[in-house]
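Colleague: Before I use any of the labels in this description, I would like to know what each one rests on. Please take me through them.

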Amino acid sequence: MKKTQIKDSLRNVKKNILSWISIIFIAGMAAAAYLGICYAAYSMRKAGNDFYEENRFRDLEITSTLLMTDADIEALKSDSGVRDAEGIFFTNARLRNGRQFQTVNIVSDTERVNTAKIVEGSLPKAPDECAVEQSIAEKMGYKVGDPLKACSDKGGIPEFMKGTDYKITGIILHPDHLSTPEIAPGNRYIIVTPEAFDLEKLDGCYMRAEILLKETEGLNRFSPEYLKKVDSATERLEKLAEERAAARTKEFKEISQARIDENQKKLDDAKKEIDEAKEKLDEGSAKLRISRIILDESRKTIEENEEKLSDTKALLDAVKLFLDDAEKGNLKAMEDLPPEQIEEIKAKAAEGKNEYEKNLAQYNAGVEKLKKAKEDLETGEKKYSEGLAEYEASEKKYNDGLAEYEANLAKLEDAKKELSGIRDCRWFIFNIESNAGYTHLSLSSDSISSLSITFSLFFVVIAALVIYTTIGRIVNEQRKLVGATKALGFFNREVLGKYLVFGISATVVGALIGIIVGFFIIQGVILTSYKNMYVIGQMPAKILIGTSLAGIGLAVALAVAAVTLSCMSLMRSTAMDLMREKQPKASSKEGGKSGSLYTRLIFRNMRSDLGRVIVTTVSIAGCCALLVTGFTMRNNAPGIIDKQYGEIIKYDEKLTFNPDASDTAAQDIEKILSGSGAKYIAVSSGYRAFRAGNDMEYTDLICGDISKLEEFYSFREWKTDNTIPADGDGVFIQCRTAESSGKNKGDEIIIYDETMDPFDVKVAGVFNNYCARNMVMSESAFEKFFHEAPKKNTYFILLNGADRAGLLEKLESVEGFEKLEATADEKERLSFVTGVFTKVALLMLAVAGLMAYFILLNITKMYVNSKQRELTVMRINGFTVKEAKNYLNRETIVTTVIGNILGVAVGALMGYIVMRFIEMPHLQFLRTPFLLGWLIGVALTVSFTAAINAFGLRKIKDLKLTDA
Amino acid sequence: MAESKRYTKASWDIMAQLLKVDNLEEALSGSLEIIVKALNSEAGAIWMLDPKTDRLSPVFHIGPADISNISIENGFGIEGLVTKTGKSVFVSDAAADDRFDGTVFDDNGLSTRTMICVPLNNMHDVIGCVQIVNKLDGGFFDAEDMQLCERMASLAAITIDEKGLIVDLEEKKEVLATLRNITKEYQTGDTTLKVLKGVNLDIYKNEFIVVLGESGCGKSTMMNIVGGMDFLTSGELTIEGKDFSHPSDADLTKYRREYIGYIFQAYNLMPNLTALENVEFIAELVPDHMDSREALAKVNMSQRENNYPGQMSGGQQQRVSIARAIVKKPKLILADEPTAALDYTTSIEVLHTIEEIVKTQGTTVMMVTHNVEIAKMADRVVKVRNGKIASIKKNMHPLHAEDLVW
């Protein structure tokens, strides 16, 4: 361009400065909205990736049904695509600090993969040291140097751990937990040294392996390229997994069999010993029995002899007495006897005495014998007692040995049974998408990107239309001038250049302003909204140079296209055509004859300037649509809070406990709950992996008496809103799962049990659920498909006036009690999440409002300009300002009405699409039309139009009538 | 010496003007302009005596004061005294002269300081007088000035006697609008642009007044002020006796609605309305309007009533524009160069239409034009120069549109 042409172009800008500024503003808004959102999405991904990169977040995580050996880890490391691999140990534990409880995972520290980021202090070096995640430290009030006690649910040493007491050496962040617990609930980590685990119990096997891949080095973990690389690596590692799993199965079976054989041998030996002992026992027993008999017989004989001796003694004593009396002649019978007889009697008595003495001697010998026999008996009894004691001890020993043997035999049988029933080892390879924090940030940034695409496309279309109309109007106003310029020998390109300068300069300036506004304001608001959702805090704002340049390029292209299109007819017309007064297209049929003069006039005005009318209508429609969309977002995102926590979830508290911790846990809890007057229902609730489509996902599988759940948790069928049937034959999946997987009633999905064994489960129906990932089953269906009864571990509670604090205090004393979660807290968390969308919606509303303001102002200005001559003539002829305004307003009313109708239709559709775009697998928004939002959108658009019209039409009052 | 040379030249110019020009009225007004210019005067007038009424009326006058509607009884005032006595009067200082009563120029916006008034003597009678007022440099007239005037008056009287000027002075006309010392200034940055510098003009009912002037002289501004389209900076504007010097916008709108019809150079018809609808569009503004079809019929456009502007020629559009202007039955129609964009034939058609409107509707038409030929059909021709009324000429015998040639 020549110097004067540049001067002319610049003066053209100066002359149409309001239109130029309008284009700047509109282009700026479009650029700000698009780029700001793009920057925000990029910054979120960048900040997340930086965190992951810094902590060498694993690309893959592998778990095995038979744990993982060093050989497995080495095999993984030797894979050509694996950069590094480390195995880790972990277990569950429960922390208590005063009245604060926290369930955590104790995880072994890693050196190279998935390393913890130290916030304060250092990582543990000794087995009795630990580092805690920041969220735990904040919740439990831990500081570096504090002692920490981590127990099992029963209060003992957690499984696989050596002890319970640790000293906190550091506060950390862990790459497994990018999201805060409010956003992605789940156990946070206590990091300990591997030596803190009882490695013997684990046979030195790891619970999972963390993998870093070579091919992902340098790639942003949130990029499609990264996921593609990981997918291909996963595919490759699947083969290794098969090999290793087979080897592990063989190894495991061999080890198990060897152990069984060894134990069998031991048991056999033990059996032999037991049998021998038994034999000996029996012998002893027989001996004892004989001894007893002998002893008893001896005792009996002794007693008989003793009795006999006693009788003999008595007899002897009587004989002696008789003999003594006889010898002394003291017998009464002798008184009457003659003396000889008496003497004879005396002699015989003396002889009798000798006999007596003999007998007495015999008696005494008998007594002696008896005494000896007694002594022998006592000795025998003593020996017997000793033998009996010995026997009884041997018998006890035998019984114990037998019991132990039988127990070991049972164990062995179990082990045998287990070995025979053991399934082949399987590896499960999880990519980064299985991580809740990653998924949340990824989905959030995707939602934001979706917003940028839908909203910005809209902005860009409107901006393009406005640029087209504005330039078109300016060109039209300068029609004669263009003709004259062409007549003077200017080429089309030279004429076009002036308008290109106008359009390009405005859009480029607009784009630059948009970059600044997008970077600082739009991005700032979005990043601040997400700040509290991630442990990394405020994510640093980043700019996308390429995208920004592309934005400017698009702005230039848009300007060139719009200017070229608007100048097309001018370029095609001859100089003379342009210099002549432009006449409206003549047509005798035009306009019709019906209606009032004004109606006809408006109709014809609109027909003759259809382009402007269309753009005006589209712009009004666009503004209205943006407002309707914004209000729909504003309502339908937080609208789910009351739906979810009013209509669906009705319980006040959710209590979880470990039924294995105590046999009486359930009874104890129910007793406390009943005592407090609270209403409750026990259900089984637990995270299960499932596969409905290609990917493995997780869900909270709730199982209970569906007919009684309604009062606590209202499962309503999708679309019909009827309560789901209590006897549903299968699992009820939530709407989002049904949508993403394409599964519906009657289809089958795979649900894994706790040991990751897959079960085909029929889908019994689909229910409404707005947040979280839930599935529900009846108890009978659970038993049917999983072949076991559900283990109740959760209570849904309606406080019913009960004091929560008092209740909690009592519940905390119950062994196995884990936590009591208030629905109000859940509600607040959801409110926090939806609040982001509300903020973004408000931002969009503000942008839409501002854009609407400038577009309408620009259009109104152009409209008044286009009608300036007619208005001047009207004013000269005596039309009042009001009448002149009404003349324009009539068309504005028509375009506003049509624009609003279109706007509501498009806005409703766009609102629906945007909401669907930003939905996440665990988050579904209201999809019903927000009628009030429509009305507000229309009211605002009408108000905007009216206010801007009033502002724009002020010019009519100042029209220079002398210019006609 | 220089003065006498200038006067000699002026005398020759006057002679040439009076002798060569066929149209006596133009000759007289041209002569008056020459003498006003030669004497560096502010204003001038040629008064003619109507023997039937024995009253004097100004047939031509130059200067900021519009004295068109003034009529003086023979013998009264300085003009009457000169005509009655046939003797020249020289007022060197009006303020100190008892003969001066200030009823002519002073009452119409021009303060008289010095004056020359010489009789128009033909062979037999005094038929009027020539009057020159105020020196532009603030000085006073002298004997030489009066001599030049007398010479011019003699030549004029002889010419009138030879060529015969029938003076048919009309009765005093009813004034529709009065402009007194109207000024209009525009502020452009730091500078103030004075477009009108004190305009005095009376517009009469049922007259066709043509305003001539070079571009930028202020004629359109003057018309805009008369038409209620612009506000005056200072001065006094009365319409039918009502003061519109400082009206509200609503008053002006009402005034335009009720009083004014407008014919534009570029027609300015509503492009999306047919001829009839364009007329109806304006007719609906006032309760007592003419039938739109009748208005179209008056401009011979009935046959095109359903045509859109784009389907009509420029002349036809302008005739529709005239119909639109008359349909309200306005008291004053303002026409801004209505034939500027038209060819001769079409222009004549349009002018004929305007002539008929004045004749049949009793409407006043004020037309701004560059075309001096059109001025020949006007009742009065106002020349505007440098923001002031340079002259007002009363056409004794206006031509018909068909008689105009250019």
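Modeller: A crossing is called left-handed if the near helix is turned anticlockwise from the far one by less than a right angle. By that rule, helix H13 of chain A passes helix H20 of chain A in a left-handed crossing. Keep in mind that this is a predicted model.

Colleague: What makes H13(A) and H20(A) roughly antiparallel?

Modeller: The axes of H13(A), residues 610-636, and H20(A), residues 823-866, cross at roughly 165°. Angles over 145 degrees count as roughly antiparallel, and the pair is therefore given that label. The two axes come within 9 Å. In the contact of H13(A) with H20(A) there are 16 nonpolar, 5 polar and 2 charged residues.

Colleague: Why are H2(A) and H7(A) called roughly antiparallel?

Modeller: Helix H2 (residues 17-54) and helix H7 (residues 436-477) of chain A have axes that cross at roughly 165°. The cut-off is over 145 degrees, so H2(A) and H7(A) are roughly antiparallel to each other. Their axes come within 9 Å, and H2(A) passes H7(A) in a left-handed crossing. The contact of H2(A) with H7(A) has 22 nonpolar, 9 polar and 1 charged residues.

Colleague: Why does A:Ala184 count as buried?

Modeller: A residue is buried if 20 or more other C-beta atoms lie within 10 Å of its own. A:Ala184 has 20 such neighbours, so A:Ala184 counts as buried. Its place is in the loop between strand S8 (165-173) and strand S9 (188-192) of chain A.

Colleague: Which residues does A:Ala184 touch, leaving out those up to four places away in sequence?

Modeller: They are A:Ser179, A:Ala436, A:Gly437 and A:His440. The C-alpha atom of A:Ala184 is also separated by 9.5 Å from that of A:Asn435, although the two residues are 251 apart along the chain.

Colleague: How much of each chain counts as buried?

Modeller: In chain A it is 42% of 964 residues, and in chain B it is 53% of 406 residues. Chain A contains 24 helices and 20 strands, while chain B contains 10 helices and 16 strands.

Colleague: Which residues of helix H3 of chain B are buried?

Modeller: H3(B) covers residues 77-85, and its buried residues are B:Gly77, B:Ile78, B:Glu79, B:Gly80, B:Val82 and B:Thr83. Among the elements that cover them are strands S1 (41-50), S2 (55-62) and S6 (126-135) of chain B. Just after H3(B), B:Gly86 takes a positive phi of about 75°.

Colleague: How many residues does each chain bring to the contact between A and B?

Modeller: Chain A brings 19 residues and chain B brings 22. Helix H12 (597-608) and helix H21 (868-876) of chain A each supply at least two residues of the side of chain A that touches chain B. H12(A) gives the most to that side, with 5 residues. By class, the side of chain A holds 9 nonpolar, 7 polar and 3 charged residues.

Colleague: What is the confidence for chain A?

Modeller: The mean pLDDT of chain A is 85, and 98% of its residues reach 70 or more. Over residues 586-591 of chain A the pLDDT is below 50, and this stretch has 9 contacts in the model beyond near neighbours in sequence.

Key:
Residues numbered from 1 in each chain as written. Chains lettered and ligands numbered in written order. Predicted model: local features only at pLDDT ≥ 70, side-chain atom pairs only at ≥ 80, totals over all residues. Buried ≥ 20, exposed ≤ 12 C-beta atoms within 10 Å, placed from the backbone. Helix = DSSP H or I, 4+ residues; strand = E, 2+ residues; numbered from the N terminus. Contact = placed C-beta atoms within 7 Å. Axes fitted to C-alpha atoms, helices over the stretch in contact; angles between N-to-C directions. Parallel < 35°, antiparallel > 145°, perpendicular 65-115°, else oblique. Nonpolar A, V, L, I, M, F, W, Y, C, P; charged D, E, K, R; others polar. pLDDT = per-residue confidence, 0-100.
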